[in-house]
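Biologist: I have a new model on screen. How should I go about reading it?
Modeller: Let us take it feature by feature.

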Amino acid sequence: MIVVGVDGSRAGLETAAWAGAEAALRGTPLTVAHAVASWVCENNGGHYTEVRRWLREGARTVLAAAEDRVRRGHPGVEVTAVLLPGDPRTALIEAAEDAELLVVGSHGVGGVRGLLIGSVAHGVAAHARTDVVLVHERPEASRGEVVAGVDGSAEGLRVLDFALAEAGARGVRLRAVQAWAWPHPVGFGPADRDGEQDVLRELRTLLAGRRGRHPDVEVVAEVVHGHPVEVLKEAAAGADLLVVGTRGHGRLAGMIIGSVSQALLHHAPCPLAVVRR
């Protein structure tokens, strides 16, 4: 099952459409969810009965529009609409507890499009216990590629597995990208190039060991000199999907995302998948 959160905006409908396409690719049901304040769902009479009824009707309209968008684009997908009481971040995370994937839009009200994500998207990406996709604006001309950001860690294996499965389902190429070091003030010297080649060989070996389930996927391995955020932003321009891990540290390790993933929540040029541990 995939869960997608919608909010009644045009971007929310595009997010539902993306989730519908993903459900069709995976052959799995889709739950379209919209959250409202808990008191809206109460039926205890009082002075606000009509207000609650009006808000519930509005919420059902939001759900119906998103459900219709999915059904028109992917009539074979089994779709269920649910109204969730409570804070959208908590409600969506709990609704997706047993889901394969949680999908949300990336932009908050008043945000700078392409730069800022909303509080719901940020909270879900940071704290969800399942894999999350943030649907940024889709590229106008897709080049038919999934990009995976890898770093040689054990978590990178799960990123690669997720990205290979996505590329295989779409019938597109996988580009596995690893950023190498920081730019040096004096330039890129021979020692750096030797180290880069070592990393590239390790990356190719890693990819060869993960391709068993998807032998037909074309795979490109790249090691690029630069900061990981800038490297991945450039690599993912025009891609169908960018896949990264969490790499959180500290007291809530495994729940708080790392600095690279954090930056890409704001700046990814395509839909971004954050793969949990």
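The dialogue below goes from the whole chain to the sheet, the helices and the cores.

Biologist: What kind of model is this?
Modeller: It is a predicted model.

Biologist: How many helices and strands does the chain have?
Modeller: Start with the inventory. The chain has 8 helices and 10 strands. Buried residues make up 44% of its 277 residues. The accessible surface comes to about 13500 Å², and 54% of that belongs to carbon and sulfur atoms.

Biologist: What share of the contacts joins residues at least 24 apart?
Modeller: Among contacts between residues at least 6 apart in sequence, 75% do.

Biologist: Now the sheet. What is the order of its strands?
Modeller: Read a sheet from one side to the other. Here the sheet is open, and the order is β3-β2-β1-β4-β5-β10-β9-β6-β7-β8. The pairing is mixed. β3 (79–85) and β8 (219–225) each have a single partner strand, so one side of each is left without a neighbour in the sheet. From one strand to the next, the twist averages 25°.

Biologist: Which way do β4 and β5 run, parallel or antiparallel?
Modeller: Parallel: 5 bridges join β4 (residues 101–105) to β5 (residues 131–135). Take Leu101 as an example. Its bridge partner in β5 is Asp131. A helix also packs on the sheet: α3 (residues 88–95) touches β1, β2, β3 and β4. The direction of α3 makes about 135° with that of β3.

Biologist: Which strands does β9 pair with?
Modeller: β9 pairs with β6 (residues 145–149) in the parallel sense, over 3 bridges. Ala148 has Val243 as its bridge partner in β9. β10 also runs parallel to β9, joined by 3 bridges. There, Leu242 stands opposite Leu272 of β10.

Biologist: Are the faces of β9 covered or uncovered?
Modeller: Both are covered. Leu241 and Val243 lie on one side, Leu242 and Val244 on the other, and all are buried.

Biologist: How are two packed helices described?
Modeller: By the angle between their axes and the distance between the axes. Here α1 (residues 10–26) and α5 pack at about 85°, with axes 10 Å apart. That makes α1 roughly perpendicular to α5. Trp18, Glu22, Leu25 and Arg26 of α1 make the contact with Phe162, Glu166, Ala169 and Arg170 of α5.

Biologist: And which residues of α8 are buried?
Modeller: In α8 (residues 259–267) they are Ser261, Ala263, Leu264 and Leu265. Their cover includes α4 (119–127), β5, α7 (228–236), β9 and β10.

Biologist: What tends to happen to nonpolar side chains in soluble globular proteins?
Modeller: They tend to be buried together. In this chain, the largest nonpolar core has 42 residues. Leu30, Val103, Leu174 and Val243 have the most contacts inside it. Helix α5 (residues 155–170) gives the most to this core, with 6 residues. Apart from it lies another core, of 34 residues, among them Val3, Val104, Ala263 and Cys270.

Biologist: What does Leu174 touch?
Modeller: Leave out residues up to four places away in sequence. Leu174 then touches residues including Val146, Ala148, Ala163, Leu164, Leu207 and Val219.

Biologist: One last residue. Is Ala208 buried or exposed?
Modeller: Compare its accessible area with the cut-off: exposed means over 50%. Ala208 has a relative accessible area of 58%, so Ala208 is exposed. Ala208 sits in helix α6 (residues 190–210). The C-alpha atoms of Ala208 and Val219 are separated by 9.3 Å, with the two residues 11 apart along the chain.

Definitions and conventions:
Residues are numbered from 1 along each chain as its sequence is written. This is a predicted model: local features need pLDDT of at least 70, side-chain atom pairs count only at pLDDT 80 or more; totals for chains, interfaces and linings use all residues. Side-chain values use heavy atoms; hydrogens and water are left out. Two strands pair if DSSP finds at least two bridges between them. Helices (H or I, at least four residues) and strands (E, at least two) are DSSP runs, numbered from the N terminus. Axes are lines fitted to C-alpha atoms, for helices over the stretch in contact, and angles run from 0 to 180 degrees between N-to-C directions. Contact means heavy atoms within 4.5 Å. Buried means under 20% relative accessible area, exposed over 50%, partly exposed in between (1.4 Å probe, protein chains only). A nonpolar core is a set of buried Ala, Val, Leu, Ile, Met, Phe, Trp, Tyr and Cys residues joined through side-chain atoms within 4.5 Å. Accessible areas come from the Shrake-Rupley method with a 1.4 Å probe; for residues, only the protein chains shown count as cover. Angles under 35 degrees count as roughly parallel, over 145 as roughly antiparallel, 65 to 115 as roughly perpendicular and the rest as oblique.
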